[in-house]
Every structure is written in C-alpha cells, then in structure tokens.
Amino acid sequence: MPSTHIKVADEVWLATAALHLEHPNQMDFSIGEIMAKVEKESATGKPLRPGVRVHVHLHCVANKAPNPGRYRMLYESAPGRRRLFRPGDPCHPQRLTGKEVPTRDALPAQYRSLVDWYCQQYASANGQTTDPVLALRGLGKEIWANEDADAYIRRQRADWQ
C-alpha cells in the first residue's frame, strides 16, 4: 500500500535503486529515466510530486553544491546522468554529512529490501572506488618490499657527485 509520508528524496532514491536492480549492466541513468521510474513506482500513491525534478537535478546529487538540500543519495556521473551514491565517491564539501540512504523503517515494507541490497551489495562494491586518485593506493609498494625507505634513498643517491 503506497504511503504519502515518504520524503521526496527517499522516493527518488527508491526509483534509482529499482532501476539499478532492473538494469544491473547499466552504470547510470538519465534524469528522464529516473523521473519516469518515480512516476511509475508511485510509492506515495499520488501523481508525480513537484519537488521530484529538483531533487533528481540538484538536492540529492552529492557532487553538486547544496542548494539547500545536502543529501548524498545520487551521483552525477556525466551531465544529465545519475547513479546511486557510493561511500568513497567524491562529493561537495558541504555535503560530507548528508544522508546517503533512506532509513529502512521509514519506508513501506515492499521497499525495505532495496536498502538491504544497497548496504550489502551496491555500496560495498568489492572495495572498488570511483576516485582515480584513491585508486592509486598501494601502487609501487613492491619498491619497499625488501628494504626501508632510507636504504632505498641512500642507494639511489650513491652515484651522485
């Protein structure tokens, strides 16, 4: 039974999570696809609410400046494209403490499994990160495998004049 008490941000998250489950090989979705899914799911039992569009465009998007919403539920992967936010994704500094996922108990029972899926599978993503700088972590560690940093530097400087 639809609930009219679902927050608009949570409704946007639910629709995007449902799209990810329906299309597991698709990395992201257009704003139009998310809007259509919100309307089709009709989690509130009402027509598309006016705030949905601005939440998909701005309020829920982690890597955009907040105005005023500070949610981190979606990530802009390309202009006009969104996917669910993952922990570790770069985000605007003023959104660092923003809500990432709906509170499970605040959702109708039929949507709670989406939160479980997100926490257990999507958010963990086998330790993968989308930040290219963070992806460099551990690169070159074999250099130090057999000696400490000081010995390595002394060896490199041995032939200097």
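# Reading a predicted fold: sheet, helix and aromatic cluster

Modeller: Of the 161 residues of the protein chain, 38% count as buried, where buried means under 20% relative accessible area, exposed over 50% and partly exposed in between (1.4 Å probe, protein chains only). This is a predicted model, in which local features need pLDDT of at least 70 and side-chain atom pairs count only at pLDDT 80 or more, while totals for chains, interfaces and linings use all residues. Residues are numbered from 1 along each chain as its sequence is written, and side-chain values use heavy atoms, with hydrogens and water left out.

Colleague: Which elements does the protein chain have, from the N terminus on?

Modeller: Helices (H or I, at least four residues) and strands (E, at least two) are DSSP runs, numbered from the N terminus. Here there are five helices and three strands, in the order α-β-α-α-β-β-α-α.

Colleague: Is Arg82 buried or exposed, and what does Arg82 touch?

Modeller: Arg82 belongs to strand 3 (residues 81-84) and is the bridge partner of Phe29. Arg82 counts as buried because its relative accessibility is 2%. Contact means heavy atoms within 4.5 Å. Not counting residues up to four places away in sequence, Arg82 touches residues including Asp28, Ile31, Val56, His57, Lys64 and Glu76. A polar atom of the Arg82 side chain lies 2.9 Å from the backbone oxygen of Val56.

Colleague: Which residues of helix 4 are buried, and how are they placed around the axis?

Modeller: An α-helix has 3.6 residues a turn, so residues three or four places apart point the same way. In helix 4 (residues 112-122), the buried residues are Leu114, Val115, Trp117, Tyr118 and Tyr122. They cover an arc of only 160° around the axis, which puts them on the same side of helix 4; the arc is that of the directions from the helix axis to the C-beta atoms. Their cover includes helix 1 (8-22) and strand 3.

Colleague: How are aromatic pairs described, and how many does the structure hold?

Modeller: A pair of aromatic rings is described by the distance of the centres and the angle of the planes. Rings of Phe, Tyr and Trp (its six-membered ring) pair if their centres lie within 6.5 Å; planes under 30 degrees apart count as stacked, over 60 as edge-to-face and the rest as tilted. The structure holds three such pairs. The ring centres of Trp13 and Tyr118 are 5.5 Å apart and the planes stand at 75°, so this pair is edge-to-face. Because Trp13 lies in helix 1 and Tyr118 in helix 4, the pair ties together parts that are 105 residues apart in sequence. For Trp117 and Tyr122, the centres are 5.4 Å apart and the planes at 40°, so that pair is tilted. Trp13, Trp117, Tyr118 and Tyr122 form one aromatic cluster.

Methods: A polar contact is a pair of N or O atoms within 3.5 Å; within protein, one must be able to donate a hydrogen and the other to accept it, and residues adjacent in sequence count only if both atoms are side-chain atoms. Two strands pair if DSSP finds at least two bridges between them.
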